[in-house]
Amino acid sequence: MNWLYQFPFKLNIDTAAIDDAVRSFAVNNEAILQFMRRGLNGLLSSIHSTLDFIPWWILVIVVFVLGFLQTKKIKTGIVYAVMLFSIGAVGLWPLMLLTLSIVIASVAISLLLGFPIGVLISMNDRASSIVRPILDTMQTMPVFVYLIPAVLLFGLGRVPAVMATTIYAIVPIVRLTNLGIRQVNEEVVEAAKSFGSTRIQAMVKVQIPQAFATIMAGLNQTLMMAMAMVVTASMIGASGLGMEVLISVNRVEVGRGLVSGTAVVILAILLDRLSQGWVKDKEEEA
Amino acid sequence: MNMKKLITMMAISLLALAGCAPSTGSGSGHIVMADAGWDSIRLHNHVVGFIAENAFDLTWSEMSGSTPITYEAFKNGEIDVYTEFWTENVAPYRGDVESGVILELGVNFNDNYQGIYVPRYVIEGDAARGIEPMAPNLRTVKDLLDYPDLFVDEEVPSKGRIYGGIPGWAVDEILYKKFMAYGFDDTFIYFRPGSDAALSAAIISAYDRGEPIAAYYWEPTWLMAQYDLVLLEDEPFDADRFHEGLTEFGAADVTVAARKGFDTEFPEFTEFLSNYSTSSAMTSAALLHMQVSGDDYLNSAKWFLREYDEYLDQWLSAEQAAAVRQALN
Amino acid sequence: MEERKAIIRVENLSKLYGRNRQEAAELLKKGADKNEVLKKTGVTTALWDVNLDINEGETFVIIGLSGSGKSTLVRCFNRLNKPTSGKIFYKDQNIGELTKKELLNFRRDNIAMVFQHFGLMSHRNVVTNVEYGLEIKNVGKQLRREKALEMIQMVGLEGFEYSPIGSLSGGMKQRVGLARALANEPEVLLMDEPFSALDPLVKRDMQFELLSIQEKMRKTIIFITHDINEAFKLGDRVAIMRDGRVVQIGTPEEMITNPADDYVKEFIEGADKAKVMTARHVMVTPQCIVKTHDGANRAIQEMRSNNVPSAYVVNDQMEFVGIITLDGAMKARDEKLKVKDALITDVKMVDIDDTVDQVMTMFADAKFPVAVLKGKKLRGIISKASVITTLSESSFEQENEKSEA
């Protein structure tokens, strides 16, 4: 009766060949990879040094003002400012800036790549049917599976961290750009066409502006997912708040973990609220 | 309609949960071993497990997790046996052994190495790969100070990079102290690789490209068995100054440990574990075999037992050893 | 009606949705109906063998229930829908054969559309919505703003130029839609149920607005509706559609007097007669007419012999000039004046083609029966009593015979 429960055969996938392929790809394309590494490093450095250049109290004031403008409540502004201040107060300010620069770079790249892809697949059902399973894969594939290849290709540190974060965080912006454009009222699109808009005119002048709120919601989600990758990214050497969490967890230092974990949460909440508020403002204008 | 569907689905989920009620009670004949996440501990688990099954008629399983998490489970008695305990890497270990929270049964091996490695081609070059020697005079850790430009950190191109310990491992702190004490701080970045897998990948990646890299690593590992890296020399070991990062790593004790009370429940098996002693070289060889042949852990464990057949007589009674040998054939 | 040039000609136009279109077409040729085709082949028949001529400057109304294919048809005119087979000619140009670029230019210059739910862009304000058509054909900023403002004024939205779309009422939104379509100066205006999303009062306003704009602009309008009253009120000619086919095409009167089949008859039953029938149907010939140069005595004599208290006064060209009452005539006689000196010009007048419900609004403050004119010539008069009598009769045919008799 064993055959009922046993699988009839086992395919021997030559995983070693895949290993070799990735590694020889890394060796053979060193020039391109190095170019990408340098470019990303340059981007990260300039984001980080910009952030680093701003005195801490200016950022706190900016957060206060944004919070106030958004809700028209002084209280909100104060709460936001105190939250940000508390990260600095527990000595995690430099680490927060490192984390923030990785998040900003990842979100910027996600937007730069994801938005055009979203637009493309909204126009083409076939492209959409090809891209969607890839997006599903990117979202569900355990991060470690591509974390190590990322290291093989891009070394250890913030560059592969940005890569891995982008792979994970780009999905919502693609999906929601696609969804938003497809959900634009059909009559409005027809109207644009009926006046003789070219496809590009209809897209740029009508569909994208009409889908703006949804696209912004996608950007907000992308931001949140990038934040969620912070700790994972530190496992390939990205320094910042995530590394602090990783060290404390590995040492079973619960208290230290809680402090740095809370800093991650505060940063995430601030980014979420401030970006959401901006979307709402835009929506009200429309 | 939708409500109905929802209720049906909830009912199914409940049933499924009920069906999955844990089948506890593995009985007295079951041993849980720690799988703290690296290859050699899994190999030793399978060797010990194979012997447990065939010589002691016990069943066994592994519980996986990071070092700190498995250690907590170990202290709580959820894990019975640690076959390869890197005592230097868990700060509270010594204290816990002394206070009797856990039992140290014996030393698995203590001929291991760890420290800062560089690929051999960095010093000697590799004619076959067309690599010129990059730092022919590099011998010691302190010599690295002369080469910040060679081991350049792409993130901070004005400085060199030394890959340090895995965050949270005890060696991380010691290495960082060494980094500061030797004055690397001005010209180098102390880079924490985040995880051992990431560190391995970084070394492999550099090695494949023939690039220079200076990184903490340890033996026995398949990586060290497969790749030709040189351990940089350091000041002679001194137990006190070592913790300040001022000397080389002594060979760390890698022990076999068991939870409190294990010895009274499984006296015979405990005796075997106390005898269980291998070496770094043996372990490396088995790991290299596994890496090259693609065998799984169980088959590699069998290979190990066949290869080092004579050890069975040291670990086990004649009768037990015979049972294992029979199972191997 | 004089022969006019067809601006759009539709020949054997069909639109089928589904895989086995060929099989379905065979069945349809044999006379199978929509449901039968759907059951046998899984093909939806949106349009089948439609033939139409639409004349320049006319308002052509296409009416039918939902699913009858009218919206599909109207979208074939600007190729928002691609027909399965058949041809549409715009001034002898088969629009199915236009290249991509020609199609864009056709849409930009010759044809514009107004949508049921307005199709406005919520991220733009009123004036930038109206500008849209000009913007995409690269009309200069200043020029298109001027044009847009002019159109906004024409549809009566001055003061709302810079309002966001979201702040407008339904009727205002459709005015924006109309202004946007007209800003392109199209020759053909497609209107897909433009007023059906509006409440009845607003709808009447908009219909009036459309009629008065059409008065000025004389566009060719293809107007889709499911409201028979709207169709008869606005349409020079009406096409009734059912299950993707055109059942009958004709003027409202032709449809009333000579419905093609029971379906059309049933459809027309729903019509408010007052909105369908025109002054022609209910007027009577005035019994007592006097000329402007007649003396007062002659007028008095006429009125007395006809036993009426007033007479209708025309000039030599039979153009209506006013009314003279018996009292007025007697007073004139005493003062030795002529008829033209005692005229009452404050008389309600209607055109012979005005609908009865328009006429009825006149009665509210009318002292005399309403004069019915064609051009300026007097053709008849309508009293309140005669309208009520006519409307209470049941058959259109009878009324028609009577009015023509």
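So, chain B: its secondary structure comes to 15 helices and ten strands. Keep in mind that this is a predicted model. Along its principal axes, the C-alpha trace of chain B spans about 70 × 65 × 45 Å. Of its 329 residues, 40% count as buried. And if you take the contacts in chain B with a separation of 6 or more, 71% of them come from residues 24 or more positions apart.

Now, how is chain B divided up? The domain assignment gives domain 1, which is 31–111 plus 252–328, and domain 2, which is 114–242. The centres of those two domains of chain B, taken over C-alpha atoms, are 30 Å apart. They do touch: 17 residues of domain 1 of chain B are in contact with 13 residues of domain 2 of chain B. On the domain 1 side, the elements giving two or more residues are α2 (39–55) and α12 of chain B. Of these, α12(B) gives the most, with eight residues. By class, that domain 1 side divides into nine nonpolar, six polar and two charged residues.

While we're at that end of chain B, have a look at S277(B). Where does it sit? S277(B) is in the loop between α11 (267–275) and α12 (280–293) of chain B. Buried, exposed or partly exposed? S277(B) has 15 other C-beta atoms within 10 Å, so it counts as partly exposed; buried would need 20 or more, and exposed means 12 or fewer. Leaving out residues up to four places away in sequence, S277(B) touches G106(B), V107(B), N108(B) and F109(B). There's also N110(B), which is 167 residues from S277(B) in sequence but 9.4 Å away in space, C-alpha to C-alpha.

Okay, on to how the chains meet. Two pairs of chains touch, and the pair with the most contacts is A and B. That contact takes 21 residues from chain B and 24 residues from chain A. From chain B, the elements that give two or more residues are α3 (67–75) and α7 (196–209). The largest share of the chain B side, eight residues, comes from α7(B). That side divides into nine nonpolar, six polar and six charged residues.

Then there's chain C against chain A: 19 residues of chain C are in contact with 16 residues of chain A. On the chain C side, α4 (100–109), β6 (111–114) and α5 (126–136) each supply at least two residues. By class, the chain C side has eight nonpolar, eight polar and three charged residues.

And what about B and C? No contact joins chain B and chain C, and their closest C-alpha atoms lie 28 Å apart.

Next, the inside. In soluble globular proteins, nonpolar side chains tend to be buried together. Here, the largest nonpolar core has 242 residues, and those with the most contacts inside it include V151(A), A164(A), A202(B), A215(B) and I222(C). The element giving the most to this core is helix α9 (residues 158–182) of chain A, with 14 residues. Zoom in on A164(A): not counting residues up to four places away in sequence, it touches V143(A), Y146(A), L147(A), A150(A), M229(A), A233(A) and I236(A). There's also a second, separate core of 29 residues, which includes A279(C), A296(C), V347(C) and I381(C).

That A296(C) takes us to my last stop, helix α14 of chain C, residues 296–306. Which of its residues are buried? They're A296(C), A299(C) and M303(C). Looking down the axis of α14(C), those buried residues fall within an arc of 60°, so they line one face of the helix. They pack against β11 (289–291), β12 (310–314), β13 (320–325) and α15 (326–334) of chain C. The face of α14(C) turned away from the buried side carries the exposed residues R304(C) and S305(C).

One last thing on the layout of chain C: the domain assignment gives domain 1 as 6–110 plus 186–271, and domain 2 as 280–404. The centres of those two domains of chain C, again over C-alpha atoms, are 41 Å apart.

Definitions and conventions:
Residues numbered from 1 in each chain as written. Chains lettered and ligands numbered in written order. Predicted model: local features only at pLDDT ≥ 70, side-chain atom pairs only at ≥ 80, totals over all residues. Core = buried A, V, L, I, M, F, W, Y, C linked by C-beta atoms within 7 Å. Helix = DSSP H or I, 4+ residues; strand = E, 2+ residues; numbered from the N terminus. Contact = placed C-beta atoms within 7 Å. Nonpolar A, V, L, I, M, F, W, Y, C, P; charged D, E, K, R; others polar. Domains from an automatic or database assignment. Arc of directions from axis to C-beta.
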